[in-house]
Amino acid sequence: METLPAPPLPGFVARLLPPGTRRYRLDVGGARMHVMEQGRGLPVLLLHGNPTWGFLWRKVAAALTGAPLRLVMPDLVGLGLSDKPRDLAAHSLLAHARWLGALLDALALERLVFVGQDWGGPIGLRALADRPGLLAGLVLLNTGVAAPRPGLRGSLFHRVARLPLASDLLFRGLGFPLGWLHRVQGDPGSIRGDVARAYRFPLRWPDNAAPLALARMVPDSTTHPSVPDLVRCEELVRGFTGPSALVWGDRDPILGRARARLERLLPRARVTRTAAGHFLQEEVPDEIAAAIRAVAAEVEA
């Protein structure tokens with residue numbers, strides 16, 4: 001695996017990462033993906049969603065320090081320190097799954113525990129659906145990985161993302177939703193100061209197409225382009241018989257109610273409900289780390 005040097009981090013971000021964090025970039029087919037790693041052992045792929053980056057996992061990684069696990073925390077293309085296509089049309093669920101799949105192939109992993117939140121859930125699962133036998137354990141956090149039902153309207157956030165002109169001004173001109181992440185938290189104080197700065201700094205116009213593009217990737221009908229790939233994700237989850245867990249932030253106004261459907265898809269999963277919000281890695285990292293440890297232990301048993 002030939003890696004490329006990672007771009008430098010501002011000091012205020014570097015100070016917040018766990019000691020010993022390794023960073024590099026890899027070419028994943030027309031784009032370079034930034035990756036952070038920690039530890040050695042059973043691979044654990046931790047995948048964030050919109051509009052964050054691998055920094056979101058730092059508290060979980062700190063809670064897993066010393067565990068026999070190799071934590072792999074990539075930034076989705078368009079976010080964090082990965083390359084940022086400026087064309088919204090470059091983004092689709094399948095395109096992101098292919099970029100991630102190229103990363104997985106380059107890492108040459110034989111089995112892994114997958115941990116996904118927000119768009120990280122379906123992007124990771126769609127890539128894994130094309131790599132039978134790689135998924136050995138599964139932990140899902142506040143994500144949606146199933147095909148939409150008829151009559152779906154979508155949240156206000158996602159309806160706003162489809163407004164002509166206004167959505168471009170809001171997302172690309174004003175940097176929405178990066179300045180409002182605290183508003184979807186159980187504890188709004190969990191994203192403030194340097195932490196809030198760390199989410200804002202990688203995304204500046206004109207290299208900030210991804211938040212709007214990923215918002216528009218959420219289906220608003222059963223004919224949306226994301227639907228066939230979400231069907232593949234749902235089939236993978238429904239058929240998965242390995243160890244699994246759900247850790248949920250019940251105070252998430254975006255995906256808080258999606259837990260019940262995932263519980264039906266994963267009836268044997270351990271479920272941990274919390275009073276956290278959407279970016280629960282900032283609020284309940286110890287609970288997430290405990291679920292990862294438990295699933296990994298079953299994989300290794």
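Is Tyr 199 buried or exposed? At 1% relative accessibility, Tyr 199 counts as buried. The legends below describe close-up views of a predicted model.

**View 1. Confidence along the chain of the predicted model.** Mean pLDDT for the chain is 96. Of its residues, 99% reach 70 or more. Strand β3 (residues 42-47) has the highest confidence, at a mean of 99. Helix α5 (residues 156-160) has the lowest, at 83. Where pLDDT is low, predicted coordinates should not be read in detail.

**View 2. The edge-to-face pair of Phe 12 and Phe 201.** The count of aromatic pairs comes to 8. In the pair of Phe 12 and Phe 201, the ring centres lie 6.3 Å apart. The planes meet at 75 degrees, over the 60 needed, so the pair is edge-to-face. Phe 12 sits in helix α1 (residues 11-14). Phe 201 sits in the loop between α7 (193-200) and α8 (210-216). The pair therefore ties together parts that are 189 residues apart in sequence.

**View 3. The edge-to-face pair of Phe 55 and Tyr 199.** The distance is 5.2 Å centre to centre, with 80 degrees between the planes. Phe 55 comes from the loop between β3 and α2 (58-63). Tyr 199 comes from helix α7. This pair links parts of the chain 144 residues apart. Phe 55 is buried, at 0% relative accessibility.

**View 4. The largest pocket.** The space in this pocket is about 1,200 Å³. Its lining holds 41 residues. Nearest the centre lie His 158, Val 218, Ile 254, Leu 255 and Ala 258. Helices α5, α8 and α10 (259-265) each supply at least two lining residues. By class, the lining has 27 nonpolar, 8 polar and 6 charged residues.

**View 5. The second largest pocket.** The volume here is about 180 Å³. The lining is made of 13 residues. His 91, Ser 92, Met 217, His 224 and Pro 225 lie nearest the centre. At least two lining residues come from each of α3 (93-107) and α8. The lining divides into 7 nonpolar, 4 polar and 2 charged residues.

Key:
Residues numbered from 1 in each chain as written. Predicted model: local features only at pLDDT ≥ 70, side-chain atom pairs only at ≥ 80, totals over all residues. Heavy atoms only, no water. pLDDT = per-residue confidence, 0-100. Helix = DSSP H or I, 4+ residues; strand = E, 2+ residues; numbered from the N terminus. Phe/Tyr/Trp six-rings, centres within 6.5 Å; stacked < 30°, edge-to-face > 60°. Buried < 20%, exposed > 50% of the residue type's maximum accessible area, 1.4 Å probe, protein only. 1 Å grid on protein atoms, 1.4 Å probe; cavity = no way out; pocket = protein on both sides within 12 Å on 5 of 7 lines; lining within 4 Å. Points joined across faces, edges and corners; volume = space filled by probe spheres on them. Nonpolar A, V, L, I, M, F, W, Y, C, P; charged D, E, K, R; others polar.
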